[in-house]
Amino acid sequence: MGTSWSVIAHSPREIVDPKAVSESIAGLLATLDGRLSNWIDDSEVSRFNRATPSTWVPVSADTVAVVQAAMDVSARSGGAFDVTLGPLVDTWGFGPGGARAAPPPDREISGAGSLAGMTRLQVRDNPPALMKSIRGLGLDLGGIAKGYAVDQVAELLQGWGFTGYLVEIGGEVRARGERPGGGPWRVALETPPGTAAGTGPVIPLQGLAVATSGTYRNFFEADGRRYSHIIDPWHKFPVTHTLSAASVIADTAMLADAWATTMMVRGPEHARDLAIEQGLAVLLQYQDASGTRWETWSSPAWNALLPEQAPTPGSG
Ligand code: ADP
Ligand code: MG
């Protein structure tokens, strides 16, 4: 998944072999990478991306679960979240094809863009399999797979008997129980760079997950413009709005991850509407015009979860 992970966990009874625990986590993550990553040539996703249309391609139950969740978020977001943008993400230089220093030519954008479409993707549970209706359709689960992996690591820790843990992969986090010493885990949200120094709000997290998506970590610049890895499926272009980061709290890290990406696709105004309409707990961080301050908006569901953090009117 091209990122780092960390786990903090504790248990009332002695864990006989902590090294075995971390090895089992690393093993699980390697397995999931080999299923969900389009950066690994023989992963399930990569093989599906090369497969012929109109035939079922057998995959694991993990891949089916992630694709089904992606379809659900896609439907609920009016198509903003779209895991069939693989070829387009790659064309823009954010896939395994390699980075770019300048935007691709128009015909490459329209060519790769024309291959996308969630309605061209079918999924089946039993036996687990995927099917595409056109040649060249390619999955990119980069906006959701890390969250799923967080959830799977959490389950693994559950199985080992841990009663409190904080699992993090590339900024997507899930917590259960209490932190060592008692009280909820405390997760500080990063503020986008160029804004006031320090961290953003600190979120007490117990039994929930939080994911953050931003345009400020993965991008290239050309001719004074910034091109981020979040792709607008309608314009086939990296998003151009002023939203710097979106955080979502949800029951699972998978949904938090997918919805955080979705908010970044939609941009500030639509993201607000979508968060309210879908009852999602969302925090949006904007850069103000001078680029020196960050401003936030939080949804009603976010404020209900974190009443002590709810902004006072006019405080920005
Ligand atoms: P990060 O990987 O930085 O944590 P995200 O969770 O927001 O950030 O995922 C961004 C990734 O999602 C992109 O690198 C790309 O692989 C994928 N992606 C880009 N645009 C979309 C989109 N419209 N719908 C679904 N996935 C997308
Ligand atoms: Mg995401």
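Reader: Which ligand 1 atom does a polar side-chain atom of Asp257 lie close to, and at what distance?
Author: Keeping in mind that this is a predicted model, a polar side-chain atom of Asp257 lies 3.0 Å from an oxygen atom of ligand 1.

Reader: And how much of ligand 1 does the protein bury?
Author: Ligand 1 exposes 570 Å² when it is taken alone, and the protein buries 90% of that. As for its place, ligand 1 sits in the largest pocket.

Reader: What about Ser213 and Ile231, what do they do there?
Author: Ser213 has a polar side-chain atom 2.5 Å from an oxygen atom of ligand 1, whereas Ile231 uses a backbone N or O atom, which lies 2.9 Å from a nitrogen atom of the ligand.

Reader: How many residues surround ligand 1, and of what kinds?
Author: There are 16 residues around ligand 1, and the closest are Asp82, Asp140, Lys146, Ser213 and Thr261. By kind, the shell divides into six nonpolar, five polar and five charged residues. Helix α7, residues 253-266, gives the largest share of that shell, with three residues.

Reader: Okay, now the magnesium ion: which protein atoms are its donors?
Author: The donors of the magnesium ion, ligand 2, are Gly143 (O), Asp257 (O), Asp257 (OD) and Thr261 (OG1), at 1.9 to 2.5 Å from it. Along the chain these donors follow the spacing G-x113-D-x3-T.

Reader: Why does the pair Gly143 and Thr261 tie together parts so far apart in sequence?
Author: Gly143 lies in the loop between β4 (129-132) and α6 (145-160), while Thr261 lies in helix α7, so the pair ties together parts that are 118 residues apart in sequence.

Reader: Changing topic, which peptide bond is cis?
Author: That is the bond from Asn126 to Pro127, with omega near -5°, and Pro127 has its place in the loop between β3 (121-124) and β4.

Reader: And where is Ser54, and what is its phi?
Author: Ser54 is found in the loop between α2 (44-50) and β2 (57-58), and its phi is positive, about 65°, although Ser54 is not a glycine.

Definitions and conventions: Residues are numbered from 1 along each chain as its sequence is written. Chains are lettered from A and ligands numbered from 1 in the order in which they are written. This is a predicted model: local features need pLDDT of at least 70, side-chain atom pairs count only at pLDDT 80 or more; totals for chains, interfaces and linings use all residues. Side-chain values use heavy atoms; hydrogens and water are left out. A residue is near a molecule or strand if one of its heavy atoms lies within 4 Å of it. A polar contact is a pair of N or O atoms within 3.5 Å; within protein, one must be able to donate a hydrogen and the other to accept it, and residues adjacent in sequence count only if both atoms are side-chain atoms. Accessible areas come from the Shrake-Rupley method with a 1.4 Å probe; for residues, only the protein chains shown count as cover. On a 1 Å grid over the protein atoms alone, a cavity is a set of points where a 1.4 Å probe fits but cannot get out, and a pocket is an open set with protein on both sides within 12 Å along at least five of seven lines; lining residues have an atom within 4 Å of a point. A molecule sits in a cavity or pocket if more than half of its atoms lie within 2 Å of its grid points. Helices (H or I, at least four residues) and strands (E, at least two) are DSSP runs, numbered from the N terminus. Ala, Val, Leu, Ile, Met, Phe, Trp, Tyr, Cys and Pro count as nonpolar, Asp, Glu, Lys and Arg as charged, and the others, Gly among them, as polar. Donors are N, O and S atoms within 2.8 Å of the metal (3.2 Å for Na, K and Ca); water is not among the atoms, so sites may look incomplete.
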